[in-house]
Amino acid sequence: MGQPIHLGRIWRIVPKGFEQPAKPDFAGKNTDRLVETLAHENGWQRDMAQMHLVEGGMKAAVPALRKMALNHASPIARLHALWTLEGLRDPEPWKLLGVLRDESPRVRAAGLRVLQSLDLPGDHWPEIVSELEGADLPDEVAMQALFALEGVKIPMPVRLKAIHSILMPRVMDPLMRDAAMSSLGGREGAFLRVVLQLSGKELDPFQAFLIESLSSAIVASGNAFRVREFMREFGEWAPWKREAIWNGVRVHGPMLARHPISLSSRPEIKGREDEARRWFAWPGHTPEPPKDSDGRPLTEEEAEDFARGRQVYLATCVACHGSDGRGMKMLAPPLAGSDWVQGGEQRLARILLHGLSGPLTVSGKRYASPEIQPSMPPLAMLNNSDVAAVLTYIRREWGNTADPVAEKSVSRLRIETQGRTVPWTEAELKPFDILFEAGR
């Protein structure tokens, strides 16, 4: 392996007797041959054929490409044909509507993206949307449908009904909820009303998360009119729905404490009067500044991290620690009032990056299997910003008053501990119950 030298170290491993095939002459291929190559078994050849068709502006290929997109036996060929038509800006996209009934979910999802990109006329979309509302829709197609609905020119009531119909069979999936939220385009209040009206009286935890996200988005918009609208209807809903709505409000508590929203009248929020008085103003009432007992006031940036941290928590932590931070039997200890949560951030951040192996003592109580799981898996897939946000959230929620955590502190710690491959133990973490250094 020492020879040859000075020729680089990139080697191609091939079987004995291998002969390098001749390099295709794409520039010399006519339009029909290039279209045929979109079905080639070699991906590089397919990509090169697509590139030559699109960059060459070969509009003459459009009829053959439509035929391939609709009828070819290979779903890969159908996909290449679709995206080639998108690159060539097919002037008659309605002739591709058949791809939305393709047997391949990937082709159907791509078809939605291509038809939207090609500005399919609006009079075709109502029928398409009605076909997308079935519960048997593959998840890949459902996800793309939710994204597509944001830009489709259809009446708003039709759009909201379609989003609800597509989302509800999949509401337990946080990615589907995010996709639906992204398609609302500032209509969170109207969609919240749809969800509240069509959901039942019994608690559905996943619909509760959706209601909370919608409520949170309305408050985050800072639009006082929208907040007044859904706060005025607060008392009409079942208790679990009111709880979900209020969770969406209270996640913005640090922001509202700095910038209270003015309501036209005193809100009827039974059991939440103290929080309402801190976060909302109304005729005859002006909120008092935050108390020192609540911890130092968060900056606007930290308040945004706190609110975003709640969403990260719902996506990654709530199943084990509970929406109220009190922990779950046989799963995880509490975070509310936890000395681990309110102690040094370095210990806490290490747990998220590498995991934690029990047993452990939390606020004087010993936890071990089977009362909790033997170990907590790492959440290293979260980026540094999300780690900092969720730590900021749990350190300021449920009565906790610890300082927030900065993204650059997590970034530095991830680099310092990048060789760690196993979960931490309580004993190993004891030296790290300290704050990050100044200059956070």
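The following dialogue explains how several features of this predicted model may be read.

Student: On what basis are the values in this model given?

Tutor: This is a predicted model, in which local features need pLDDT of at least 70 and side-chain atom pairs count only at pLDDT 80 or more, while totals for chains, interfaces and linings use all residues. Residues are numbered from 1 along each chain as its sequence is written, and side-chain values use heavy atoms, with hydrogens and water left out.

Student: How many helices and strands does the chain have?

Tutor: Helices (H or I, at least four residues) and strands (E, at least two) are DSSP runs, numbered from the N terminus. In this chain they come to 22 helices and seven strands. The C-alpha trace spans about 75 × 70 × 40 Å along its principal axes.

Student: What share of the residues counts as buried?

Tutor: A residue is buried under 20% relative accessible area, exposed over 50%, and partly exposed in between, with a 1.4 Å probe and protein chains only. By that rule, 45% of the 440 residues of the chain are buried. The accessible surface, from the Shrake-Rupley method with a 1.4 Å probe and, for residues, only the protein chains shown as cover, comes to about 23,000 Å² for the chain. Carbon and sulfur atoms hold 54% of that surface.

Student: What share of the contacts joins residues 24 or more positions apart?

Tutor: Contact means heavy atoms within 4.5 Å. Among contacts in the chain with a separation of 6 or more, 65% are between residues 24 or more positions apart.

Student: How far apart are the mean positions of the positive and negative charges?

Tutor: Lys and Arg count as positive and Asp and Glu as negative, whereas His and the chain ends are not counted. Each charge is placed at NZ of Lys, CZ of Arg, CG of Asp or CD of Glu. For the 55 positive and 56 negative charges of the chain, the mean positions are 1 Å apart.

Student: Which helices pack against the buried residues of α2?

Tutor: Those residues are Q45, R46, M48, A49, Q50 and L53, and they pack against α1 (31-37), α3 (62-71) and α4 (75-88). N42 caps the N-terminal end of α2, a side-chain oxygen lying 2.8 Å from the backbone nitrogen of W44. Just after α2, G57 takes a positive phi of about 60°.

Student: Which residue is joined to P359 by a cis peptide bond?

Tutor: G358 is joined to P359 in this way, with omega about 0°; P359 lies in the loop between β3 (356-357) and β4 (360-362). The peptide bond from S369 to P370 is also cis, with omega near 10°, and P370 lies in the loop between β5 (365-367) and β6 (375-376).

Student: Is W398, which has a positive phi, buried or exposed?

Tutor: W398 counts as buried, at 17% relative accessibility. Its phi is about 60° although it is not a glycine, and it lies in the loop between α20 and α21 (407-416). R89 also has a positive phi, near 55°, but is partly exposed, with a relative accessible area of 37%.

Student: Which residues does A402 touch?

Tutor: A402, in the loop between α20 and α21, touches V341, Q342, R395 and R396, not counting residues up to four places away in sequence. A402 is buried, with a relative accessible area of 8%.

How values were computed: A polar contact is a pair of N or O atoms within 3.5 Å; within protein, one must be able to donate a hydrogen and the other to accept it, and residues adjacent in sequence count only if both atoms are side-chain atoms.
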